[in-house]
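I'm opening my notebook on a new structure today.

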Amino acid sequence: MQPSSVVLVCLALHVLCLTQARRISIEEGYGLRSGATLPPEMDDPLVFKDGKLLFDDEFDDDQYEMYENMIAHKRAAAPATELTRLNQTTFDNKTTQLSRCVAIVQVSRDIGDKAFLCASYSRLTTVEKVALKLPTDDLCLPDSVRYASRLGRDWEFSVAHELWQVDRDAAAHVIAKESIASMCPLSVGPVAWPEQCVRAISWETRQGRKLSRVYEEFCADEKGITMAHKNLITVVGKLPQKPIFRACLQKVSDIIDLPKDAFESEVLPLAQKLVHKFCNVDQSEKVTPGCASVEDVHHRSCANFLLAKYSSLERVVSKTWGTQRNWCKQDGSDFGSGVEAGYIRFQDDLHMANKYMDLKEHALPKECTDDVSVFMQSALAAFKCACPRRHRQVPFSVADPLLLPCVGLEGESSMVKLKTGQKPVLELEARSVCNNNYPLFQITGDMGDMSKSMELITGPVPGTSEFLADMYRLYETVFNIIMKLSMKGVELLSDANAGLNRKTQGRHDVQPIAVLDAEFIGMWKNAIPDLWQSFSADGLQKHLDRKEDLLHWLVSKTVAVNGVGYPRPARDYPVLLAAQGQSNSRLKVDIQATFELPLDFGRNWMTVVQPFFLGTHYQDYAKRLVKSIHTVAMVLTEALVLQQPELLPLFHATSKSGGILMSILHFMAHFALTQASDDELLVNHTDHGIDVKVMSCAVSRKNDLYLNPRFGLNDLSHELDSTLKNEGMNKLRPFLDRALAGISNKDEAWPPTSGKLMERIMAEGPTPELCIEQTDTTGCALYLGTSEPRSSYVSPREPLVVNRHRYFLRVLLAIQQTLDLASKGENGRKHIRGCGHDIPPVFRQHGDRKFARFEDRGHGRIATLLKPEVTQMPRLNSFELQVPGQAQQAKWKSAKSDLGNKRHFDPYNIIEATLLEPTMAALTDSK
């Protein structure tokens with residue numbers, strides 16, 4: 001809970017506690033009074049049990065009373081008991097005022113939801129009157145920093161702040177009134193029942209076992225409204241604490257104190273709307289046919305699962321039911337009125353079958369069925385894309401896919417060798433979706449001088465499941481052609497002028513004319529029709545427009561600085577392609593991935609960035625590392641503000657500059673923790689010999705920055721300067737530089753900062769191990785940690801020294817050196833960077849969105865999810881690339897993986913959700 005919201009909650013609850021305001025909950029108010037029992041007749045279908053609507057024939061009177069009491073206790077007893085205890089023990093004790101305030105805030109946390117809090121407490125005018133009698137001490141009232149920085153732009157609070165030192169009574173009057181109003185705003189005039197509220201109750205009502213009978217009772221005649229009205233009077237005041245009912249609570253809290261007749265009158269329109277929607281009278285849902293986009297990433301993932309399983313689900317439900325369920329009749333009934341509309345039957349059949357029958361391997365994922373609102377919306381989206389014509393995917397709801405983060409793949413196979421000195425070799429003429437400077441696909445070689453391992457590279461595409469699946473189909477097609485050709489060995493590229501050049505013996509080389517192998521061209525042309533058909537209409541088909549755009553391959557020019565390329569020299573011909581190793585050897589492809597995150601990735605490090613660290617390898621180590629990075633960044637944030645309080649506005653939630661600054665601090669923390677390990681280029685390999693400016697960046701060491709940033713601190717710093725200027729805060733930049741210099745200065749703020757760093761890192765639990773004796777460029781002869789047990793990153797047979805003093809000596813020295821360099825302008829910041837050559841532009845921009853590029857070289861989430869298992873298909877004379885392979889999928893589903901509980905394991909959907917949810921949230925917030 002944010003400090004400002006704590007103050008608001010505290011104030012409002014303080015008032016209510018001091019005045020012993022009447023609490024309206026399950027046991028109070030019309031229809032909810034203590035001792036209330038069911039009406040004598042037991043045919044009311046609308047009843048809540050454990051937060052779900054049930055039907056009367058599922059339990060008897062005693063059971064109902066038990067559930068009534070249970071819900072009442074859950075919603076009311078605990079807070080009421082706590083408030084009573086507080087009244088008796090602390091309200092008259094002035095020495096415990098602070099603990100009283102904390103306890104009241106804890107009660108509000110127990111309730112857990114502001115909307116339910118407001119619906120649970122009376123908001124009669126007497127409460128507001130008594131609120132003005134607040135004590136004029138400092139209990140629960142704003143301190144200068146909190147209100148000046150957080151709420152200074154709100155007129156009421158700024159006025160209160162100004163009044164505080166002059167007239168505390170007047171300040172308390174303003175603050176108390178605004179606190180209650182902001183927590184539980186009263187409606188202005190009569191408010192209708194929101195459509196979302198009616199839909200939520202309708203969805204809950206459709207969850208019972210005897211749904212067909214409820215349809216008959218509610219939808220047969222006008223008596224249905226009478227029945228719904230009677231039942232809603234009983235249950236509307238005790239809606240379960242679920243997000244879908246939040247839309248109801250404003251109206252509930254407005255009417256809960258009304259006299260009986262007025263209360264019933266207010267509930268009647270809800271009953272009428274409910275029956276109208278529940279029975280789908282006159283197509284009340286207004287469903288528009290046609291496969292349409294879905295904004296919520298989670299809903300879309302579930303819809304895609306239902307869409308992929310549509311035919312098999314129809315068969316298994318029909319078999320289980322004993323009657324053929326033809327959900328899509330391809331006529332007006334599919335999206336028509338009444339409960340027999342195709343999409344309603346689809347929703348109801350699936351929900352009932354999944355809840356009450358054993359669908360075995362066809363069971364729906366819990367993440368799609370636990371929340372009825374997710375299920376109903378996902379099922380509708382799936383049905384619209386299945387009827388009347390099946391689509392492969394539910395389209396993503398972004399008009400411009402370039403506003404989304406992009407992903408690129410590199411797959412290397414050491415069993416296929418290319419004889420070439422220069423790389424890359426071939427590229428498609430078609431351009432990449434996200435960067436027109438790059439081809440859609442490249443054939444190249446990696447690791448080696450004249451004999452290189454074959455590597456296939458995809459140009460970056462938006463990280464939607466359609467584009468990712470399409471790019472993998474393209475990869476698999478090219479991979480199969482290359483494998484077939486390599487088995488017999490071919491000249492993939494030859495020089496038409498080779499004979500002329502041989503005569504000159506290199507003295508006067510004639511410009512080479514590249515000739516692509518004819519068999520390669522033929523196999524590629526034959527593969528295009530099926531490949532094109534497999535592409536999604538919202539993926540590469542949409543990007544390329546026509547299949548002919550796939551035809552042409554070009555001889556690649558090596559991209560150098562600023563995108564300048566050079567033609568392949570005559571001496572590099574012919575480019576030979578041949579298989580390497582035993583024919584029965586297990587063929588494997590090692591995947592690396594590049595991916596993008598919004599430039600303010602540091603603002604939500606633990607929720608947005610952490611998942612990308614978590615592959616199937618070393619999850620425990622990765623979690624330690626992510627947490628340590630975040631801890632260091634947060635301590636540095638506090639130290640900067642303590643050193644220069646003027647920086648506080650930078651960290652306001654709406655500041656783009658603040659988001660970039662948080663990215664800078666997390667980037668520096670990641671860099672420093674990496675550089676605390678040994679490096680082959682260091683002059684002195686002792687604990688005191690660390691020099692963060694030394695960074696070997698050998699290819700095999702890029703994994704040292706677990707997710708290698710393809711940018712440096714100077715790049716981020718320039719973006720911060722630009723954004724500060726755009727936000728009118730460029731005067732804060734000198735304060736930041738002074739703060740960095742201050743907290744890195746061993747004679748100023750570094751001693752207390754280093755002490756806080758050590759304290760907080762240790763408080764977070766196990767730390768990531770450091771390699772303190774590097775061997776060659778890949779090995780480690782000795783690891784250093786702070787405690788046992790070791791993480792899976794250090795195998796049991798590898799030596800580990802547990803020494804807290806040595807560990808923090810290295811870590812703190814690396815952090816201090818990093819801060820010192822960051823404070824010394826461009827010449828200092830240039831040393832703080834990721835590995836790899838510059839890829840222009842450093843930060844891709846589209847519209848007003850900018851993205852930072854990271855490299856996952858095999859251990860992180862994206863590369864591990866997309867690592868294929870290669871299976872040879874002798875009959876088809878081809879190879880199948882399964883992602884992920886069975887072994888990889890088994891690891892993901894193990895108890896050690898954070899994705900182990902996913903029943904529907906689609907790597908493309910998982911990557912899409914991980915990449916796009918935070919981006920879509922940011923796009924929504926910016927509108």
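Predicted model: local features only at pLDDT ≥ 70, side-chain atom pairs only at ≥ 80, totals over all residues.

Is Phe-535 buried or exposed? I looked it up: Phe-535 is buried, with a relative accessible area of 3% (buried is under 20%, exposed over 50%, partly exposed in between, using a 1.4 Å probe and protein chains only).

Residues are numbered from 1 along each chain as its sequence is written, and side-chain values use heavy atoms, with hydrogens and water left out.

**Rings**

I searched the whole structure and got 32 aromatic pairs. For a pair, ring centres of Phe, Tyr or Trp (its six-membered ring) lie within 6.5 Å; planes under 30 degrees apart are stacked, over 60 edge-to-face, and the rest tilted. One of the pairs is Trp-532 with Phe-535, edge-to-face at 6.3 Å centre to centre and 70° between the planes. Trp-532 is buried too, at 12% relative accessibility.

Next I checked Phe-601 and Phe-854. Their ring centres are 5.2 Å apart and their planes sit at 85°, so I noted this pair as edge-to-face. Phe-601 is in the loop between β14 (590-598) and α23 (605-613) while Phe-854 is in strand β20 (residues 849-856), so the pair ties together parts 253 residues apart in sequence. (Helices, H or I with at least four residues, and strands, E with at least two, are DSSP runs numbered from the N terminus.) Phe-601 is buried at 4% relative accessibility, and Phe-854 is buried at 7%.

I also looked for charges over rings (NZ of Lys or CZ of Arg within 6 Å of the ring centre and within 35 degrees of the ring normal). Lys-251 lies over the face of Trp-193, 5.9 Å from the ring centre. Arg-738 does this over Phe-735, at 4.7 Å.

**A sheet**

I found an open sheet of 3 strands, ordered β16-β17-β18, with mixed pairing (two strands pair if DSSP finds at least two bridges between them). β16 (770-775) and β18 (800-802) are the edges with a single partner strand each, so one side of each has no neighbour in the sheet. β17 (residues 779-785) and β18 run parallel, joined by 3 bridges. Gly-785 stands opposite Val-802 in β18.

**A helix**

How enclosed is α18? I counted 13 of its 15 residues as buried, so α18 is largely enclosed by the rest of the structure.
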